[in-house]
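User: Please examine the structure shown below and answer a series of questions about it.

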Amino acid sequence: MSPPIAIIGGGPCGLTLARLLQCKGIDYIVYERDESEHSVRTGGSLDIHPETGQRALQEAGLLDEFKKHARYDDTVLTIADKSGKKLLQMGQGRDAPEIDRRELRKILLDSIPKEKIKWGHTLKSAVMDKDGRPVLHFGNGAVASGFALVVGADGAWSKIRPLVSPSTPQYTGRSHLESHIPPSNPHHPTLSSQTGPGMTISIASAKLIITQRQGDTSYRTYFGLQVPSTFFQDKSKIDLQDPQRTREVLLSTFFSDWAEQYQDLIRHSTDFRAWPLYTLPVEHLGWKSVPGVTLAGDAAHLAVPNGEGVNLAMKDALELVNKIAEHGMEHVDEAVKEYEAEMFPRGAESIRDGEMMAKVMFSEDPRPLVEMMTSFGAGAS
């Protein structure tokens, strides 16, 4: 017998959903593509907000555990120009502490019985059976069905989304090239003294460099570039498997006129990974509810990074579980309808905010971002 609810995806959204169902005594199963809980996961630091992510953790009985790992000194945001001049610093003491994605995942995983997660299950497709209920086909050959509800928490390229919407992610024309400066890197002491805690965003000529301290004091760096969607696949332009060649391209093509401190950062950067920025079209958010299936997090409302992604995903999980608990599993489709009706507006707002943030971040200089952040209120210096 299948449990009544299947969750596709074991990221923050899917695991928060699972933990909240556990707390309500509602049975479920999580299907996750990683081979085990020990699989190496990429991903940086997340700031968890009080009214969304923290509220979900509180309802899940995990807020105290979260606070043991949260970094309140990394809430500071610095905005600079390409010369390294700091134009704004704000966010000190803000109740949006940082936590590494892997730490948040561990907190959530430790709160869920091990048998509730099916590892090594990459969803290849989902179709409706003759009764109008989802059938799941996995890459390992497994097939699963018989669920009252399947929740797609499987991110940007969701395999569940086609069951409710024809919408597909659209490339924004912008990408982040992620890199890493670990504590063992000879440049780490210099970068630490220049950047300190939190995040620094430097902007010029429609390009940007973001540096963010992680829980182990390493730094993740994101080089923001306006490039075609095929740029990182064309090895005649850049080869991410060749770090030295990648550094040369960044120095000669994109950041040749930036200050020496940024060029030194490039010279010491390692572990390059492309992160093209995609978004879902806001006009496609508002599908007619389909019995037996729904979406949450990026699967529902993928947006350009705007500081709300993981928080909104965790809020989705909380609101969906509360609706299910209110209506009961015998009326789960009605619960989903109400959840979606409330999720659509906040998802659309996030997509629009992401579009606005992208324009500001990829400006000719930092002033638009400074003006935006200053308008948010206190905390600037």
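User: In which helix is His 69 found, and is His 69 buried, exposed or partly exposed?

Analyst: This is a predicted model in which local features need pLDDT of at least 70, side-chain atom pairs count only at pLDDT 80 or more, and totals for chains, interfaces and linings use all residues. Residues are numbered from 1 along each chain as its sequence is written, and side-chain values use heavy atoms, with hydrogens and water left out. His 69 is found in helix H3 (residues 63-69), where helices are DSSP runs of H or I of at least four residues and strands are E runs of at least two, numbered from the N terminus. Its relative accessibility is 31%; buried means under 20% relative accessible area, exposed over 50% and partly exposed in between, with a 1.4 Å probe and protein chains only, so His 69 counts as partly exposed.

User: Which side chain forms a polar contact with that of His 69?

Analyst: Not counting residues up to four places away in sequence, His 69 touches Glu 98, Ile 99, Glu 103 and Ile 107, contact meaning heavy atoms within 4.5 Å. A polar contact is a pair of N or O atoms within 3.5 Å; within protein, one must be able to donate a hydrogen and the other to accept it, and residues adjacent in sequence count only if both atoms are side-chain atoms. At 3.4 Å, the partner of the His 69 side chain is that of Glu 103.

User: Is Asp 74 buried or exposed, and which side chain joins that of Asp 74 in a polar contact?

Analyst: Asp 74 lies in the loop between H3 and strand S4 (77-80). With a relative accessible area of 3%, Asp 74 is buried. A polar atom of its side chain lies 2.7 Å from the backbone nitrogen of Gly 198. The side-chain polar contact, at 2.9 Å, is with Arg 213.

User: How are H10 and H11 oriented to each other?

Analyst: The axes of helix H10 (residues 332-361) and helix H11 (residues 367-375) are 7 Å apart, and the helices pack at about 135°. Axes are lines fitted to C-alpha atoms, for helices over the stretch in contact, and angles run from 0 to 180 degrees between N-to-C directions. Angles under 35 degrees count as roughly parallel, over 145 as roughly antiparallel, 65 to 115 as roughly perpendicular and the rest as oblique. H10 and H11 are therefore oblique.

User: Which residues of H11 meet H10?

Analyst: From H10, the contact involves Met 356, Met 357, Val 360 and Met 361. On the H11 side, the residues are Pro 368, Leu 369 and Met 372.
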